[in-house]
Amino acid sequence: MTYVVADNCIKCKYMDCVEVCPVDCFYEGENTLVIHPDECIDCGVCEPECPAEAILPDTDPEAENWLAMNTKYAEIWPNITVQGTPPSDADEFNGVKGKYAKFFNPAPGGQELDKKFG
Ligand code: SF4
Ligand code: SF4
């Protein structure tokens, strides 16, 4: 059992979820996050924290489509445990349908921080 991050996180990336996860199992892409399904303890704490309602339990029929994507990118992207600054246009993209096909960026996140401190 796990929770997964779904389509509506893309380009919203509010990051309220990362601070509440007791096992720090969120990973950061350039414009979305994912949950590592092998690390998630299925506590459900993050689900109501997401302003975009983008976090689903894997019992949700919608979640099936996102499990492979979360599994793949959790292995590639860096771990995130501290809430950063959401995109300035996050609210405009909240609720837009089909964002994965249009906007998904497979690049890892955290690069702004690298630029600042690296
Ligand atoms: S709170 Fe929701 S929209 Fe924000 S990063 Fe987490 S999953 Fe994505
Ligand atoms: S369900 Fe719990 S363990 Fe899983 S990602 Fe959310 S907060 Fe973390």
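This is a predicted model: local features need pLDDT of at least 70, side-chain atom pairs count only at pLDDT 80 or more; totals for chains, interfaces and linings use all residues.
Start with the fold. The protein has five helices and four strands. Along the sequence they run in the order β-α-β-β-β-α-α-α-α. The radius of gyration is 13 Å, close to the 13 Å that the globule rule gives for 118 residues, so the protein is as compact as a globular protein of that length. Along the principal axes, the C-alpha atoms fill a box of roughly 40 × 30 × 25 Å.

Next, the interior. Buried residues make up 35% of the 118 in the protein. In soluble globular proteins, nonpolar side chains tend to be buried together. Here the largest nonpolar core has 30 residues, and Val-5, Cys-17, Phe-26 and Ile-35 have the most contacts inside it. Strands S1 (3-5), S2 (26-28), S3 (33-35) and S4 (55-57) each give two or more residues to this core, as do helices H1 (16-20) and H2 (64-74). Take Ile-35 as an example. Leaving out residues up to four places away in sequence, Ile-35 touches Thr-2, Tyr-3, Val-4, Val-5, Cys-25, Phe-26, Cys-40, Asn-70 and Ala-74.

Now the ligands. Around ligand 1 there are 13 residues, of which Cys-9, Tyr-14, Cys-17, Cys-50 and Ala-52 come nearest. This shell has eleven nonpolar, no polar and two charged residues. Around ligand 2 there are 13 residues, and Tyr-3, Cys-21, Cys-40, Cys-43 and Cys-46 come nearest. The shell around ligand 2 divides into eleven nonpolar, one polar and one charged.

How values were computed
Residues are numbered from 1 along each chain as its sequence is written. Chains are lettered from A and ligands numbered from 1 in the order in which they are written. A residue is near a molecule or strand if its C-beta atom, placed from the backbone, lies within 6 Å of it. Ala, Val, Leu, Ile, Met, Phe, Trp, Tyr, Cys and Pro count as nonpolar, Asp, Glu, Lys and Arg as charged, and the others, Gly among them, as polar. A nonpolar core is a set of buried Ala, Val, Leu, Ile, Met, Phe, Trp, Tyr and Cys residues joined through C-beta atoms within 7 Å. A residue is buried if 20 or more other C-beta atoms lie within 10 Å of its own, exposed if 12 or fewer, and partly exposed in between; C-beta atoms are placed from the backbone. Two residues are in contact if their C-beta atoms, placed from the backbone, lie within 7 Å. The radius of gyration is taken over C-alpha atoms; the globule rule is 2.2 Å times the number of residues to the power 0.38.
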